[in-house]
Amino acid sequence: MKRTALLALLLASAAFIATPAKADTLSVIKERGRVNCGVSQGVLGFSNADSTGKWTGFDVDFCHAVSAAIFGDPDKVNFIPLSTKDRFTALQSGEADLLSRQTTWTLSRDTTMGLKFVGTAYYDGQGFMVKKSLGVKSAKELSGASLCTETGTTTELNVADYFKANNITYEIVSFERPDETIVALNNGRCDVYTTDASALYAQRLTLSDPEGFMVLPEIISKEPLGPAVRQGDDRWFNIVRWTLFSMIEAEELGITRENIAKQVESGNPSIKRFLGAEGDTGAPLGLDKGWIYNIVSTTGNYGEMFDRNLGKGSPLKIDRGINALWNAGGLMYAPPAR
């Protein structure tokens, strides 16, 4: 009897967990009138709220793009700040419709957590930031150092593998929030901050003495960062995936926020189809035929989103590098939207 009761309880729990994934997410969002988008608790350049509560950043803009695709309005978004520890639970439970939060796409996350990554929005890798006063020029000189990082990330495993392979001793000091990690670094509780290199450049600007710190040259992991949704709702997965792809293809086609009105009036049939002036790519997704036009006219293409938040138009000045388009020496490539 006890075994039967336990089995029944487990099955009931599994059914409860699976319920949000079986829902028609697009219909729920339309009825609610907003997209619930899970973001970080504050990383400059990716997702950060100012003193008035206004959110900005690369991940934030992607949420705006999804809103524009659905409603024709980029501002119908409810931003939910999530810690690294709580981000997956929020998505699994249905609290968030979408996770756009510097999250690494891995096998285990894609197969055992009820998640589905829609693609890679930013190719990154784990690095190390140290005090210049330590006189360290390489991660291989960090023996005996204390490392600050966030819990619930791939960071600790990456560090363990790298330091073991190089016979380096170390101590991990973990925190739930990035701002707690920065405070610890400022206060000398650790010698090193290790996380994705992009976040290191962003967090360096929030330190009390940014010039007193440097990012070491080593990149010790592959960190393909991308949006994720729950498994079990293919239409919602396709909407979010093709929002990302359409922004990448818009850049390749040379379509920007400034020229999109002229582009849609051009004689190029592929651009007309792409922007919804001919045909209807939105119908299979349950969206308006001008859904891509709405994304690009309000949020811009992928390159515009990158430049204003992370690149030359931002305080971070991060080089596009491998996040450039495939035909410009990078890895960004989208299937045709046709």
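Tutor: Let's start with Asn309, which has its place in helix 13 (residues 302-309); helices here are DSSP runs (H or I, at least four residues), numbered from the N terminus. This is a predicted model, where local features need pLDDT of at least 70, side-chain atom pairs count only at pLDDT 80 or more, and totals for chains, interfaces and linings use all residues. Residues are numbered from 1 along each chain as its sequence is written, and side-chain values use heavy atoms, with hydrogens and water left out.

Student: Okay, is Asn309 buried or exposed?

Tutor: Asn309 has a relative accessible area of 11%, so it counts as buried (under 20% relative accessible area, with over 50% being exposed and partly exposed in between, using a 1.4 Å probe and protein chains only).

Student: And what is Asn309 in contact with?

Tutor: Leaving aside neighbours within four places in sequence, Asn309 is in contact (heavy atoms within 4.5 Å) with Gly45, Gly57, Phe58, Asp61 and Ser314. Val60 is 249 residues apart from Asn309 along the chain, yet their C-alpha atoms are separated by 9.7 Å.

Student: Switching to helix 3, how many of its residues are buried?

Tutor: 13 of the 14 residues of helix 3 are buried, so that helix is mostly covered. After helix 3 comes Gly72, with a positive phi near 75°.

Student: What span should helix 3 have?

Tutor: Helix 3 (residues 58-71) should span 20 Å at 1.5 Å a residue, and its end C-alpha atoms are 20 Å apart, which agrees. The expected span is 1.5 Å times one less than the number of residues.

Student: How do helix 3 and helix 12 cross?

Tutor: Their axes come within 8 Å and cross at roughly 140°. Axes are lines fitted to C-alpha atoms, for helices over the stretch in contact, and angles run from 0 to 180 degrees between N-to-C directions.

Student: Which residues meet there?

Tutor: Asp61, His64, Ala65, Ala68 and Ala69 in helix 3 meet Trp291, Asn294, Ile295, Thr298 and Thr299 in helix 12.

Student: What about helix 9 and helix 12?

Tutor: The axes of helix 9 (residues 234-252) and helix 12 (residues 291-299) come within 10 Å and cross at roughly 65°. That makes helix 9 roughly perpendicular to helix 12, a label for angles of 65 to 115 degrees (under 35 is roughly parallel, over 145 roughly antiparallel, the rest oblique).

Student: Which residues meet in that pair?

Tutor: Trp242, Thr243, Ser246, Met247 and Ala250 in helix 9 meet Trp291, Ile292, Ile295, Val296 and Thr299 in helix 12.

Note on methods:
Helices (H or I, at least four residues) and strands (E, at least two) are DSSP runs, numbered from the N terminus.
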